[in-house]
Amino acid sequence: MGEDMSEGHEHNGHENVPSRQRRRFPEISSRAYEHPADRSALVALRKLSGFDTVFKALSGLLPERSLRLLFLSDSVRVSDQQFAHLNDMLRDACYILDLEKVPPMYVNQDPVPNAMCIGLDEPIIVVTTGLLELLDEEEMRAVVGHEVGHALSGHSVYRTILLFLTSLAVRVAWIPLGNIAIMAIVTALREWFRKSELSADRAGLLVGQDLTASMRGLMKLAGGHHLHEMNVDAFLKQADEYEAGGDLRDSVLKILNVLPRSHPFTTVRAAELKKWAESRDYQRIMDGHYPRRSEDKDTSVTDSFRESASHYATHVKSSKDPLMKLVTDIAGGAGDLGGRVRRGFGGFTSAPPKDEPRRDATDDTDSQGSGH
């Protein structure tokens, strides 16, 4: 069973909240909270042609020591003497998720709210001043748990390579960014990292054990300090409208919009986290029933593939997105797919097929008007 831990809070310039009980999870495996899409995207990334070569080359070029020296020289290292409240949160998060070695954490002067877990040999956590100024204590606790979740899952290595290829490589002339293979790797890394954020959000919830605080944090990342102007239910409704709204053109635009992003859209993250928090899987973890690290070596890769495939099949079937519905129709052998595609991209045909009633075309037009 998981263990309870009692905790109090000091002011430290942050919101003071009453002491409360938090459950800890001895020997918890990252498999307990990893999103199936995260695992399958990582498997796809590792299979990508040329990835191993780039991975090994960059691992040799980016010695761990240089990263640490960079942050030691131009950031503030969190400790008992500096940002003590963050140090307490970090130690608590590592205790709850049973991460034996507490990773070093740095605060970096940057007005853009952000946090990251990087490092090749050992993870380093970095949070920006913009994030510290935006979030209250319980919201920040979820973020620290999020980053510790990245560390426990071993995400920092791939995140570091992604950062190098996208941010630093523009200053290094010999890296052929125009090379199709490199761009394929960058695109695959971004796709994986967006999915890994869903896993880390779950880890943040396991650490903070306060869904409302996790939701508030995501809302603030989307809308800033003006929490009094926002509403969780309305915010989650945006995610539902985003998924269901529009026609096939909007589905394609959604894909194009998300490709250059490192993080999933905030509304989508909030909806995914709420769905997981209400699931039986989350309740089982909270009751102390979860996979242990000692069992990781016995885990079947085939089972992992099967679970990921099952997740995607369920997602496609239940999705309200017009493109996903079309995929379901194709898989199910639905007739008149040509007509469905033409109507989905409304405007390409002026009338529906003869065997379809006129009102379907009108309904499609209405749904287009509500699209983005």
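Accessible areas here come from the Shrake-Rupley method with a 1.4 Å probe. I kept in mind that the model is predicted.

**Entry 1: the chain as a whole.** I looked up the surface first. The accessible surface of the protein chain comes to about 18900 Å², and carbon and sulfur atoms account for 54% of that area. I then checked burial: 46% of the 372 residues count as buried. For secondary structure I noted 17 helices and 6 strands. Turning to contacts between residues at least 6 apart in sequence, I found that 71% join residues at least 24 apart.

Entry 2: I traced an open sheet of 4 strands, ordered 3-4-6-5, with mixed pairing. Strand 3 (76–77) and strand 5 (115–118) are its edges, each pairing on one side only. I followed strand 4 (residues 105–108) alongside strand 6 (residues 124–128); the two pair in the parallel sense over 4 bridges. Within this pair, Tyr-106 stands opposite Val-126 of strand 6. I next recorded that helix 6 (residues 137–153) packs on the sheet and touches strand 4, strand 5 and strand 6. The direction of helix 6 makes about 20° with that of strand 5.

**Entry 3: the nonpolar cores.** I asked which residues of the largest core touch the most other members. In this core of 46 residues they are Phe-25, Ile-28, Leu-86, Leu-97, Met-140, Val-148 and Leu-206.

How values were computed:
Residues are numbered from 1 along each chain as its sequence is written. This is a predicted model: local features need pLDDT of at least 70, side-chain atom pairs count only at pLDDT 80 or more; totals for chains, interfaces and linings use all residues. Side-chain values use heavy atoms; hydrogens and water are left out. Two strands pair if DSSP finds at least two bridges between them. Contact means heavy atoms within 4.5 Å. Axes are lines fitted to C-alpha atoms, for helices over the stretch in contact, and angles run from 0 to 180 degrees between N-to-C directions. Buried means under 20% relative accessible area, exposed over 50%, partly exposed in between (1.4 Å probe, protein chains only). A nonpolar core is a set of buried Ala, Val, Leu, Ile, Met, Phe, Trp, Tyr and Cys residues joined through side-chain atoms within 4.5 Å.
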